[in-house]
Each structure stands twice: as structure tokens, then as C-alpha cells.
Amino acid sequence: MTQKILVYIDHFQGNAIPASWEAVGAAKTIAGSLDASVTAVVIGQGVEALANEAITYGADGGMVADHAELAEFRPEPYADTLSKIAADADVLLFPTSGRTRELAAMVAVDLDTGISPDVIALEVEADAVLATRPIYAGKLLSKVITRERRPQIMTLRSRAFPKPEPDASLSGDITTAEVELQQINTN
């Protein structure tokens, strides 16, 4: 059975943060061992170009959630949208940033799964991803694996994984996710 790896592409004002491409590269590294496809997920408004750019960095395809209400990052609608997209994923990777730490935690709560933050290495053990992360201010390394819940959610430390070289000859399909935003009471 082919597994599904999603990589959230973090961006600001239409430009992806470089760690997003590192996350795509890390996903591709483990995809072969898991017999998995890698899909880049981009949320925002007018962001299809970022999904296409993710394919040049190695994603097999892209998924875009495009809506005017998603033009600026707001944790609640982003988490709601991503939780719906990731509900059937096996692995969900995030580059680590202030936005993604919050977003990953909210998605983990929505999907009733755990999260491995600040991961510096990935390995595949059987049908799951083994994540290595520093603990105790980096004095020790902890290896964490989640077998019971899906998706396995991880934030990847910036510069811990190599950034792949873009290859314009790579191609993949871009799909559009249906966006149904919940009304948020601001009173």
C-alpha cells in the first residue's frame, strides 16, 4: 500500500521559506523506503506557483488551498484547512518556524495525534518514521516513533536537512483542495 507524505510549504508574501525545500528533500529521502508519494501543500491566496516550485524541488505533486480569507496567515483557518487535507495522510512534515510550530500543534490536536518537534534526522523503521530530536538543551538525542496514530506529524529543524537543487524538468500534478472555512467569533 502506497503511503502518503504531505509537506507543508511555509511562505511569507508569496515567497517560500528555504526550510520548506529542505522539508521536501527530507520527505523524498524517506519516501522510497515507505513506498510513498510526496505532496507539497500550499495554503493562501494565489499560491499555485509555490506548488509548482515545490515540484522542482522534488515533490511528486502539489495541493493548493486557495481562498481570499487565507491570504494572510491566521492559525485557526490554516489549521482547519490543513487538518481536512491531512486527515488521510501517513506523515505530515513542517519546516520549523514560529508559524509552523503553532500550526503543527493545532493540526495535531484536530487529528488526535502526536507531534515530534525540532527533528534533526529521519529514518524508516518498518512502516513508520523514526524521528531524532534533541532534548535537554541539546545535551541528549531522543528517537521517537509513532505507530498508533496517523498522521505522524513532525517539524524539521532548519538547516538540519540538505536543500535539494531545483530541477525545472520535474513535473507533477497540482490539485485544488476544497476550502470550507468555519466562522470565527471575534467578539
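Here are some notes on this predicted model, taken point by point.

1. Ground rules. Residues are numbered from 1 along each chain as its sequence is written, local features need pLDDT of at least 70, and side-chain atom pairs count only at pLDDT 80 or more, while totals for chains, interfaces and linings use all residues. Side-chain values use heavy atoms, with hydrogens and water left out.

2. Start with Glu-22, which sits in helix α1 (residues 18–34). Helices here are DSSP runs of H or I with at least four residues, strands are runs of E with at least two, and both are numbered from the N terminus. Glu-22 is buried and has no salt bridge. Buried means under 20% relative accessible area, exposed means over 50%, and partly exposed is in between (1.4 Å probe, protein chains only). A salt bridge is a side-chain nitrogen of Lys or Arg within 4 Å of a carboxyl oxygen of Asp or Glu. The nearest side chain of opposite charge to Glu-22 is Arg-159, 6.1 Å away; for charge, Lys and Arg count as positive and Asp and Glu as negative, with His and the chain ends not counted.

3. What does Glu-22 touch, once residues up to four places away in sequence are set aside? Its contacts (heavy atoms within 4.5 Å) are Arg-157, Ser-158, Arg-159, Ala-160, Phe-161, Pro-162, Lys-163 and Pro-164.

4. Ala-23 is also in helix α1, and it counts as buried because its relative accessibility is 1%. Not counting residues up to four places away in sequence, Ala-23 touches Val-7, Leu-93, Pro-95 and Leu-156. Lys-163 is 140 residues from Ala-23 in sequence, yet their C-alpha atoms are 8.0 Å apart.

5. How many salt bridges does the structure hold? There are seven. One of them joins Arg-157 to Asp-118, with the closest N and O atoms 2.9 Å apart. That pair links distant parts of the chain, 39 residues apart: Arg-157 is in the loop between β11 (152–156) and β12 (173–176), and Asp-118 is in strand β7 (residues 115–119). Arg-157 counts as partly exposed at 35% relative accessibility, whereas Asp-118 is buried at 19%.

6. Lys-143 and Glu-123 form another salt bridge, their closest N and O atoms being 2.7 Å apart. Here too the pair links distant parts of the chain, with Lys-143 in strand β10 (residues 140–145) and Glu-123 in strand β8 (residues 121–125), 20 residues apart. Lys-143 is exposed at 52% relative accessibility, and Glu-123 is partly exposed at 33%.

7. Asp-80 counts as buried at 13% relative accessibility, and Lys-84 as partly exposed at 43%.

8. Now the sheet. Three strands form an open sheet in the order β8-β9-β10, with antiparallel pairing; two strands pair if DSSP finds at least two bridges between them. The edge strands are β8 and β10, each pairing on one side only. Five bridges join β8 to strand β9 (residues 128–135), and Ala-121 has Thr-132 in β9 as its bridge partner. Helix α1 packs on the sheet, touching β8 and β9, and its direction makes about 10 degrees with that of β8. Axes for that angle are lines fitted to C-alpha atoms, for helices over the stretch in contact, and angles run from 0 to 180 degrees between N-to-C directions.

9. The largest nonpolar core has 32 residues, and those with the most contacts inside it are Ile-5, Val-7, Ile-9, Leu-93, Leu-122, Met-154 and Leu-156. Such a core is a set of buried Ala, Val, Leu, Ile, Met, Phe, Trp, Tyr and Cys residues joined through side-chain atoms within 4.5 Å. Which element gives the largest share of this core? Helix α1 does, with eight residues. Apart from this core lies another of 23 residues, among them Ile-85, Leu-103, Ala-108 and Ala-177.

10. Last, helix α2. Its buried residues are Leu-50, Ala-51, Ala-54, Ile-55 and Thr-56. Their cover includes β2 (11–12), β3 (15–16), α1, β4, β5 (61–66) and β12. After α2 comes Gly-58, with a positive phi near 120 degrees.
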